[in-house]
Amino acid sequence: MAVMKFGGTSVGTAKAMRQAISIVAREEQKAVPLVVLSACSGITNKLVHIADASGRSALDEAMALAGEVRSFHLNLLDELIKGVELKAELAIKIEELASRLELLIKGVDIVGELTERSRDMFCSFGELFSTTVFAAAMKELGHKAVWVDVRTVMITDDNFGFARPLQEVCEERVGRLIKPLLEGGMTVVTQGYIGSTQDGRTTTLGRGGSDFSAALLGSWLNDDAIQIWTDVDGVMTCDPRMVPEARSIRVMTFSEAAELAYLGAKVLHPDTIAPAVQKNIPVYVLNSLHPDAKGTIITNDPQRLSGMSYEGLVKSIAVKKGQCIINVRSNRMFGRHGFMNELFDVFARYGVSVEMIATSEVSVSLTVDDKCFSDELIGALKALGDVDIEHGVSTISVVGDNLRMSRGVAGRIFSALKDVNLRMISQGASEINVGFVVEEPEVVTAVNNLHREFFSGPQNEGIFETPAGSR
Ligand SMILES: Nc1ncnc2c1ncn2[C@@H]1O[C@H](COP(=O)(O)OP(=O)(O)O)[C@@H](O)[C@H]1O
Ligand SMILES: N[C@@H](CC(=O)OP(=O)(O)O)C(=O)O
């Protein structure tokens with residue numbers, strides 16, 4: 001059995017939904033799948049705007065955006081569903097969801113305050129809309145499909161905006177409510193990203209969380225595979241929007257994939273991997289536009305699958321834009337213990353996570369997301385030493401298992417970057433990444449130079465492939 005997750009881009013239009021349904025139909029020939037969907041692309045962003053507008057009592061703006069969400073889904077069903085009766089029935093369901101959204105807007109507007117709890121409620125509508133339309137389209141095409149509200153099984157803590165599942169409760173519910181449907185031959189269509197507290201409050205798992213939902217559900221069902229269907233040929237050697245020659249990575253380890261996700265490769269949610277690793281379930285990242293392309297297999301044992309050696313091979317380059325460097329310089333560091341503790345305590349107090357770090361005897365350089373930067377944070381750091389800040393930088397990470405042990409990789413990296421002004425260099429503790437910081441205008445050059453060095457030509461054919469769309 002497999003869990004099939006379709007991202008926003010794979011269900012964003014009637015054409016994309018039809019394509020996704022045909023991919024599900026192929027899987028149904030083998031075994032009944034559990035289908036996990038994201039909201040149609042762009043809808044969650046719109047819901048975030050609606051939430052913000054409601055919170056600042058911009059009622060007209062929020063209602064206008066909600067109107068757009070309603071018409072988008074009404075148009076979608078109109079294009080997708082043929083039968084007049086089913087169309088009318090589904091239109092009523094869409095109207096009901098849209099009315100609930102409007103009610104929420106009015107409620108928040110009256111209170112004049114947007115809590116994290118209400119924000120999650122807003123954000124949950126995208127997946128409710130997309131799955132409602134998708135399940136109906138599947139039924140019309142003759143599939144034995146059933147819509148399930150994932151909030152009956154994805155039971156989470158009340159950390160709204162970043163909720164985490166209560167494993168045992170979820171596992172029991174999945175066994176009781178979803179397994180029998182699948183065993184009875186019904187394809188289950190449900191929502192990624194959202195969940196519910198035990199007392200029925202809607203939660204979300206964090207932006208991009210549908211991958212995580214799919215991996216969790218797959219692990220609770222002891223599935224053979226987790227399929228992440230997206231709009232590119234799997235995990236690639238770099239974001240194809242930045243490097244048009246990016247190649248598809250045929251196989252990679254769980255740790256490489258996790259590292260890439262944390263370091264900025266948007267194709268996977270960082271937490272996706274954990275539930276799959278625990279149960280050793282392979283994750284397939286596949287292209288819904290080219291379903292026959294091989295995509296990427298993420299597994300604990302890539303060597304067995306490819307028959308190729310993996311030692312010290314650079315697999316991919318990840319980029320995180322919108323970062324800033326904070327340099328803290330202090331003579332108090334010299335020969336004194338406890339300084340680092342004080343420094344990290346400041347970041348912990350302000351809830352800011354540090355991405356990269358490089359130290360010397362008298363100074364520490366760190367990178368943080370520019371959005372987390374605040375004058376209060378800098379004020380607290382100034383109590384420890386001289387502080388200077390560089391905004392508008394990006395981190396670039398070269399990722400691959402056992403990179404540290406491999407001869408020549410560092411030399412190749414530095415020669416590829418010889419014309420780029422490196423603001424900071426850092427080697428990840430995990431031995432699988434080497435990171436740099438460059439000024440934003442130099443990112444594209446730096447990344448393309450690195451890519452040319454490690455991935456151009458026929459290097460390691462079999463592990464890297466030319467994407468189906470550009471053959
Ligand atoms: N290393 C990478 N490999 C593949 N895609 C990447 C990588 N880094 C960034 N991306 C981007 O991630 C996008 C897919 O993620 P996302 O838009 O969240 O898809 P979905 O809607 O399917 O969840 C791709 O279109 C691609 O531009
Ligand atoms: N719709 C949610 C969850 C998600 O995972 O979306 P996608 O699979 O399209 O990245 C979001 O936009 O955050």
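Phenylalanine 6 and phenylalanine 134 are both buried (under 20% relative accessible area, with a 1.4 Å probe and protein chains only) in this predicted model, in which local features need pLDDT of at least 70, side-chain atom pairs count only at pLDDT 80 or more, and totals for chains, interfaces and linings use all residues. Residues are numbered from 1 along each chain as its sequence is written, chains are lettered from A and ligands numbered from 1 in the order in which they are written, and side-chain values use heavy atoms, with hydrogens and water left out.

The whole structure contains six aromatic pairs, defined for rings of Phe, Tyr and Trp (its six-membered ring) with centres within 6.5 Å, where planes under 30 degrees apart count as stacked, over 60 as edge-to-face and the rest as tilted. Phenylalanine 6 and phenylalanine 134 form a tilted pair, at 6.5 Å centre to centre and 35 degrees between the planes. Because phenylalanine 6 belongs to strand β1 (residues 2-6) and phenylalanine 134 to helix α5 (residues 116-140), this pair ties together parts that are 128 residues apart in sequence; helices (H or I, at least four residues) and strands (E, at least two) are DSSP runs numbered from the N terminus. Ring pairs also link Phe6 and Phe134 with Trp229 in a cluster.

Ligand 2 has polar contacts, that is, pairs of N or O atoms within 3.5 Å: one of its nitrogen atoms lies 2.8 Å from a polar side-chain atom of threonine 44, and an oxygen atom of the ligand lies 3.0 Å from a polar backbone atom of serine 210.

Notes:
Buried means under 20% relative accessible area, exposed over 50%, partly exposed in between (1.4 Å probe, protein chains only). A polar contact is a pair of N or O atoms within 3.5 Å; within protein, one must be able to donate a hydrogen and the other to accept it, and residues adjacent in sequence count only if both atoms are side-chain atoms.
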